Amino acid sequence: MATSTVTATRRPSSLSKGWVQVAALVALSGLFGLVLMGWMTYQSSPPTPKQVVSTAGRTVFTGTDIRAGQDVFLRNGLMEYGSIFGHGAYLGPDFTADYLHRSAQGVLAAYGGAASDTAAQRTREDFKTNRYDAATGVLTISDAQARVFDDLTGHYGETLGAPNGRRGLRPNAITDPAQIRQLTAYFAWSAWSSAANRPGKSYSYTNNWPPEPLVNNGPSADTVVWSVLSLIALLGGTGALFAAFGRWNWLGWHGRETQELRFTEPQSVALTGSQRATAWFFFTMAALFVVQTLVGAASEHYRADLGSFFGIPLDRWLPYNLVRTWHVQLSLFWVSTSFLAAGIFLVPMIVRRRDPKRQGALAYALLGALVVVVVGSMVGELAGMRGAFGALWSWFGMQGFEYLDLGKFWQVLLTIGMAFWVVILWRGLRKRLAAESRANLPWLFFFAALALPVVYAAGLLAQHTDTYVVTDYWRFMVVHLWVEDFLELFTTVMVAYIFVLLGVVREKIALRVIFLDVVLYSAGGVIGTAHHWYFSGTPAAVLAMGAFFSAFEVIPLTFLTVEAWSFIRLGARQESRSAAAFPHRWAVMFLVAVGFWNFLGAGVFGFLVNLPIVSYYEIGTALTANHAHTAMMGVYGMLAIGFAMFALRYLIPADKWSDKLARTSFWSLNIGLAWMSFVTLLPLGVLQLYHSVNVGYYDARSLQFITNGTNGLLEWLRLPGDVVFIVGGALPLLWMAFQGVRYRGRHHDVLSEADLQLFTEVEAHEPAEATASGQLSAGPLR
Amino acid sequence: MDPIVFFVAAYTGVLLVAAAGLHRLGRIDTSPWRSRVLAGHRRAIGAVPWRERSSADWPHSEVPRLYTGIGAVAAAAAAVLPAGLLVAHHRLPEVAVLGPATVLALWFLGKLMATLRS
């Protein structure tokens, strides 16, 4: 009875049920595809043998060695130095390709050398023949391979435990012979699974990756065919979407064309306690951003000069794998901090009422917890790589999965922190939610926020004790699904809501954009997660699904770029009509930059490395870094700063606000990012890809190639852009965020709804309609 | 001649074409409202929403600066890369390839900078 009373008072959705049903159906289909691929991954992953014996009967290594080797690999941060199955960092070698190439050379030499066709043929057969006995769990390898294993154990002992450093790792990084042997066993197993044919198939567990002529590893039929079909999917999908857009006018873009708005002067908008608390969030965000750029510069320096940092032996204290770990972790931390703060900042504007009791204190508690997680995890990574924490290394030290480097304990705390953030939002929104249909903006805002801790929690299932491909499945729930899909969804909801609150876009249009976003990303992005798993040990069906559906990801990126422009122009229209100046010029400019980088960084550079046949030769090269930087910083970084600019415009008094600083930061960040891509990452990536196809993947990932004269020149030429990025882009942002902290208390408290209204309508030529808040007239405070 | 010389010269050309393209893009109205793709939509709503807009409206006014600005970064990169390579590759045939590429990029960069300043 009570439920029906509540339902009766809910404001109905302004969007038809069809949108909700289609979005739910497509989202469920996408998730079903993802679960199906997970099942296939568990069923078809490369086996870990109990024992690996030579044909002479000698036990070379065991399954326990392989698993222990994976632990050594992870806790020493080697995935942030080089890569395994193509996944990881870009300075060190890909250890799968490295072991495979070196062992194939050794076996070839044992069989008679490269000059002998018989030896070459015998070597290929030796590696391609799968002698794993599933019944006993015993893998038999040739005597030649067993001897090479011993030789390579020595090689990895010398390189990973080098006393003088100068390779990006700290001197004497791994010296324990037992650990070196276990590590070599892990590399040997990964190389075996990349060369030995799957039972009943003519390609290996990794779809023949890495390319290695010595063992007859070349692109499989699936790799080629699905690349072609992927291209067709892209072209067909883009054409179909634009045709439908033009024919049926899905979005029906038009704002409040006949109404004139007057934007409220930011200084006269009241701020609640929780909104004032976000000043500290944005300051923390900016500080973390500065630190991230500095450790990024340090990791870049290793590629330009391995020897020292302008005479300082940096590798003794801050080796490459540590600064790179911090660089990628901080990228998630500072962007997330901004998103959390923007959510808290927006709630009082949505509900137009005072904070619930202790809301501000809870916001400060969340910030404190976040700082503890950031500092704790970073210190843990530093100590963990140096052998601290004993058996608890994966809990408090370096868990070691790229982007999930933080210890499990910190990962759990971060998940709880995000759930706590959802509770804070819930407290603020509660009364408003009770009065709204679940298909309206307040609920979509809440659902999009709720999805963030839920999806991030999936990353907790990545266990160091699992086989690599299974850990990779769960890792990409965070790296792809959380970052590229659910953060994108939350972003769309936030931007749409901000524009509705500013009065420049109608709620119905904002709802259409959000549901269209859900449909498009569920159609491509969710199953498209598999484009990260082409070569990590999943079956060919996963490669096919990943290639085909990830091609569709580019379509919404293109489409949403167009859409973003329309959105922004609707705002511009009102800005030009309003008697009062539009206060969010620079927040919108950062959104313009998001549109640009979304298309170039995520769309063009992403698709450049997305086709299986391209990825086959380029994975782990500078082209991946090019996509990562232009998409992560270009899209999420610019968005995070755009949100900060939006809030800081209210937190900083008008006489202290500096358009000049905002402009300097905007241009410096964009120029620095463009310079980084155009001068270094893109040309370097193309050179590396060419070298990979022409000479070999192993060689293209070697330190000799990466540090050769031409590449070194390209790396050094990046320096001016990085300086502009840090000094002109990040530091002014930090100063502005500091001003926000300094002057956050100058606003008056909330007395009435009108105090939180961001615009007023001067003249209305059409019937009044519900805004996001559902209220047009200012009323007394409830 | 080292193939890298040809690569950098070709890449310089690609960057200059991209810079010119961005500069040109900044001079046209990129709004989907102007696009013929949306002609059906404009008919359907019985209006031309932007008919009375001039291209000086913000953020239209920023579009030329944004695109030309990014284009200028590409042109600067196009100048720096062959110039940097000349330090290591300065035999006559190499100078004959890299020199004009550098000069061309500098000339175009100057042109874009003049546009930005105006």
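## Strands, a helix crossing and a core

Strand E1 (residues 51–54) of chain A pairs with strand E6 (residues 138–141) of chain A in the parallel sense, over four bridges. Strands here are DSSP runs of at least two residues, helices (H or I) of at least four, numbered from the N terminus, and pairing takes at least two DSSP bridges. This is a predicted model, with pLDDT of at least 70 needed for local features and 80 or more for side-chain atom pairs, while totals for chains, interfaces and linings use all residues. Residues count from 1 along each chain as its sequence is written, with chains lettered from A and ligands numbered from 1 in the order written.

E1(A) also runs antiparallel to strand E2 (residues 59–62) of chain A, joined by three bridges. Four residues separate E1(A) and E2(A) in this hairpin, and Gly57(A) in the turn has a positive phi of about 100°.

Now the helices. The axes (lines fitted to C-alpha atoms over the stretch in contact, angles from 0 to 180 degrees between N-to-C directions) of H4 (residues 95–111) and H7 (residues 177–195), both of chain A, come within 8 Å and cross at roughly 80°. That makes H4(A) roughly perpendicular to H7(A), a label covering 65 to 115 degrees.

Last, the largest nonpolar core: of its 267 residues, Tyr497(A) and Ala75(B) touch the most other members. Such a core is a set of buried Ala, Val, Leu, Ile, Met, Phe, Trp, Tyr and Cys residues joined through C-beta atoms within 7 Å, buried meaning 20 or more other C-beta atoms within 10 Å.

Terms used:
Parallel < 35°, antiparallel > 145°, perpendicular 65-115°, else oblique. Buried ≥ 20, exposed ≤ 12 C-beta atoms within 10 Å, placed from the backbone.
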